[in-house]
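Reader: I am new to reading protein models and would like to go through this one step by step. Could we look at it together, one question at a time?

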Amino acid sequence: MYCGKCGQELREGARYCISCGAQQAAGSEQKEEPVKEEEALRRGAIGGWLLLLIPGLLINAGFSVYLGIEWSKNLQIITHTAFDYLNWFETIYYFVFAVLSILMLGLLFARVKKFPEYLRRFLTAGLVVQFLTVISIDTIFFSEGYTWNNRTGDQLILPPLFFQVIWEQYCKKSKRIRAVFPESPWLMRLDQELSMAGSKKTVVIPQNPEALPAPCPISLVRDGSMLGALVKHSLFLNGQYIGNVKNSDTLFASTPFRQNVLIGQDGMGSSKPFYFDVLGNGPAEIHVRALKFLPKKCRGLRQTGSQE
């Protein structure tokens, strides 16, 4: 199913577009996918964005071997210090990580049904180890009275974090990976969760809302976090698009009604509708979390429920 206005792919039965917010007619015409793409999906061919895993895993294996060799150069002098143990750990880790990268490539070509989940765990393990490495280096340098460039820590953590987020998003939205791994237990669970979530996001716009004497100004403040920097929310107030918020952003809007509903959308879909009544004549302020669009602190309004 596709949006009749912007062409965005939607889940079957969706009433609102996750990209432009346009309401979908029940019998609207749907765009047809190219015949070649449908044929490739039926065959379950490894293609499209999934092909990028092949050079990606090969590069990761080669780079891990290079880093393992670099860390092993520091093992020639055994001092039995924290640095020495860290060198041993990193050397072993990078060589093991190189072997696992080749193993992941083999699982991809063999189309092992649990490959999507195995790769997810592989990326998570890499992220955790890099995080622990940064903490260890920082602790060791601090104990020895040295300082090091924090940008180095960012360079160690951000790449695996980036690939982890990309893989999660790809698995949630891609048809091809479901064609290649149709029996993947993790993808089946994802589809079930998305289906259940989609059934909860039918938005009911307040009917015949009470008009305010004057438009009430509303401030929407989003928290900031490292992971939140990767997520942007599009906001809809009473079904009307009012703007985007990113990390630590503040968006100013207004409503002429006392009864309202607010929706936050990202690339994966919509949040639960947040229903609220304006107290008095305002102003109102809503603080939301950085990752999931969840109001956590409000002023000048009363929450009247969320669509369950």
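Reader: Is Ser-64 buried or exposed?
Author: In this predicted model, Ser-64 lies in helix H2, which covers residues 53–72. A residue counts as buried when its relative accessible area is under 20%, and the value for Ser-64 is 3%, so Ser-64 is buried.

Reader: Which residues make the nonpolar surface patch, and what is its area?
Author: One of its members is Trp-88, which has its place in helix H3, residues 82–110. Trp-88 has a relative accessible area of 42% and is therefore partly exposed. Together with Trp-88, the patch is made by Ile-92, Val-96, Leu-100 and Leu-103, and its area is about 440 Å².

Reader: How many salt bridges does the structure hold, and how far apart are the closest N and O atoms of Glu-168 and Arg-120?
Author: The structure holds five salt bridges. One of them joins Glu-168 in helix H5 (residues 150–173) to Arg-120 in helix H4 (residues 115–143), and this pair links distant parts of the chain, 48 residues apart. In the salt bridge between Glu-168 and Arg-120, the closest N and O atoms are 2.8 Å apart.

Reader: Which parts of the chain does the salt bridge of Glu-210 and Arg-258 tie together, and how many residues apart are they?
Author: The side chains of Glu-210 and Arg-258 meet in a salt bridge, with 3.3 Å from N to O. Glu-210 lies in the loop between helix H7 (185–199) and strand E1 (211–222), while Arg-258 lies in the loop between strand E4 (250–257) and strand E5 (259–266), so the parts tied together are 48 residues apart in sequence.

Reader: Which strands hold Arg-299 and Glu-285?
Author: Arg-299 forms a salt bridge with Glu-285, and their closest N and O atoms are 2.8 Å apart. This pair ties together parts that are 14 residues apart in sequence, because Arg-299 lies in strand E9 (residues 295–299) and Glu-285 in strand E8 (residues 284–288).

Reader: In which sense, parallel or antiparallel, does E1 pair with E4 and with E8?
Author: For E4, the pairing with E1 runs over seven bridges in the antiparallel sense, and Val-221 stands opposite Thr-250 in E4. For E8, Ile-218 stands opposite Ala-284. The pairing of E1 and E8 runs over five bridges, and its sense is parallel.

Reader: How many disulfides are there?
Author: A disulfide needs a pair of cysteine sulfur atoms within 2.5 Å. Among the cysteines, Cys-216 is at 0% relative accessibility and so counts as buried, whereas Cys-298, with a relative accessible area of 33%, is partly exposed. By the distance rule, the count of disulfides is zero.

Methods:
Residues numbered from 1 in each chain as written. Predicted model: local features only at pLDDT ≥ 70, side-chain atom pairs only at ≥ 80, totals over all residues. Heavy atoms only, no water. Patch = residues over 30% accessible without salt bridge, like charges linked within 9 Å, V, L, I, M, F, W, Y side chains within 5 Å. Areas by Shrake-Rupley, 256 points an atom, 1.4 Å probe, with all protein chains shown as cover. Salt bridge = Lys/Arg side-chain N within 4 Å of Asp/Glu carboxyl O. Helix = DSSP H or I, 4+ residues; strand = E, 2+ residues; numbered from the N terminus. Buried < 20%, exposed > 50% of the residue type's maximum accessible area, 1.4 Å probe, protein only. Pairing = 2+ DSSP bridges.
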